[in-house]
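Subject: Structure for your review

Dear colleague,

Please find below the structure that I am handing over to you. My findings follow it, and I would be grateful if you read them with the model open.

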Amino acid sequence: MSERTPIIPDLRGKRVLVTGGSAGIGKAAALAFDANGCSVAVLGRRIERLDAVANKLKHGVSIVADLTDNEDMKRAIQETIDKLGGLDILVNSGGVTTEEMSGSDEAAYLSAIKLHVTGNLTLIRAAEEELIKNKGAVVNISSVGAVMPTATFQPYGVAKAAQDKLTQDLAFEFASKGVRVNSILPAAINTEAFDSMAEKKGVSKDDILAKMAPIHAMGRVAEPEEVAGPIVFLASNAASFITGVNLRVDGGATLGYWFNRSNPME
């Protein structure tokens with residue numbers, strides 16, 4: 001258990017599904033829920049990586065599914081309910097930037113929206129009845145890309161902005177039914193994605209992280225556990241009166257620090 005993991009008693013015994021649970025933020029969230037006594041299903045495409053995480057959990061199971069296939073996602077929700085005996089918390093952490101999203105044509109935007117917006121919606125709708133029955137919670141993992149303009153991966157940022165709006169709309173819809181829906185907007189996080197980027201660019205991961213650090217007012221990149229903590233909080237009764245929030249967990253990246261880090265009057 002990380003020293004950053006909050007322990008919240010009401011989470012004990014909850015049934016949790018974490019998409020993208022084999023690595024990065026999803027893996028950290030799965031471990032954090034496990035430390036709180038939850039039963040956790042980790043969902044992804046590669047069984048070996050999922051099992052490597054599930055085997056570290058006291059009550060963990062692997063769910064293999066494709067987040068771009070609607071029927072597969074519906075099947076995965078039912079499989080989770082069957083394996084865990086129900087579902088109380090859904091964490092939508094699956095979704096990355098891909099080559100298909102790096103363009104500026106319609107196909108790139110549709111690819112991003114399919115994964116980050118309609119994909120989330122399909123999972124939530126498939127879990128809706130169970131979440132309402134259990135007065136559950138949904139936490140969507142968005143990105144500061146939703147609020148910070150960028151010259152690259154524009155479809156990803158647009159999709160994340162739409163995801164945040166979807167979070168608010170669903171929070172409003174489900175509020176009277178006892179289900180809370182929130183999202184978290186991380187900035188740069190030290191995950192395996194930077195290993196792949198470093199290998200592709202032929203540089204070290206440390207060099208990339210060092211270049212990313214000054215974007216944040218806190219002067220560093222975050223660890224996955226620093227996002228897992230807020231996820232656990234938003235899913236728990238400690239956040240019982242919080243819904244429809246797009247919470248920035250960004251080390252001050254969206255404060256405009258990159259623009260203001262030097263005083264133009266000096």
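In what follows, a residue is buried under 20% relative accessible area, exposed over 50%, and partly exposed in between. Please bear in mind that this is a predicted model.

I begin with Ala-126. Its relative accessible area is 32%, so Ala-126 counts as partly exposed. The residue belongs to helix α4, which spans residues 106–133. Apart from neighbours within four places in sequence, Ala-126 is in contact with Lys-74 and Ile-77. Its C-alpha also lies 8.1 Å from that of Gln-78, although 48 residues separate Ala-126 and Gln-78 in sequence.

These contacts belong to the packing of α3 and α4. The two helices pack at an angle of about 40°, and their axes are 9 Å apart. α3 is therefore oblique to α4, and the crossing is right-handed. On the α3 side the contact is made by Asn-70, Met-73, Lys-74, Ile-77 and Ile-81; on the α4 side, by Lys-114, Gly-119, Thr-122, Leu-123, Ala-126, Ala-127 and Glu-130. By class, this contact has six nonpolar, three polar and three charged residues.

Helix α4 also meets α5 (residues 154–174), where the axes come within 8 Å and cross at roughly 20°. The helices α4 and α5 are therefore roughly parallel to each other, and their crossing, too, is right-handed. Among the residues of α4 that take part are Ala-112, Ile-113, His-116, Val-117, Asn-120 and Leu-121, while those of α5 include Tyr-156, Val-158, Ala-159, Ala-162, Leu-166 and Leu-170. The residues of this contact divide into 16 nonpolar, four polar and four charged.

Phi of Lys-135 is near 50°, a positive value in a residue other than glycine. Lys-135 has a relative accessibility of 54% and so counts as exposed.

I turn next to the sheet. It is open and consists of seven strands in the order β3-β2-β1-β4-β5-β6-β7, with parallel pairing. The edges are formed by β3 (60–64) and β7 (246–249), each of which pairs on one side only. On average, neighbouring strands are turned by 20° against each other, direction ignored. Within the sheet, β1 (residues 15–19) and β2 (residues 39–44) pair in the parallel sense over five bridges; the bridge partner of Arg-15 in β2 is Ser-39.

Two of the helices already described also pack on this sheet. Helix α3 (residues 70–84) lies across β1, β2 and β3 and runs at about 160° to β3. Helix α5 touches β5 (137–141), β6 (180–186) and β7, and its direction makes about 160° with that of β6.

I would welcome your comments.

With kind regards

Notes. Residues numbered from 1 in each chain as written. Predicted model: local features only at pLDDT ≥ 70, side-chain atom pairs only at ≥ 80, totals over all residues. Heavy atoms only, no water. Helix = DSSP H or I, 4+ residues; strand = E, 2+ residues; numbered from the N terminus. Buried < 20%, exposed > 50% of the residue type's maximum accessible area, 1.4 Å probe, protein only. Contact = heavy atoms within 4.5 Å. Axes fitted to C-alpha atoms, helices over the stretch in contact; angles between N-to-C directions. Parallel < 35°, antiparallel > 145°, perpendicular 65-115°, else oblique. Left-handed = near helix turned anticlockwise from the far one by under 90°. Nonpolar A, V, L, I, M, F, W, Y, C, P; charged D, E, K, R; others polar. Pairing = 2+ DSSP bridges.
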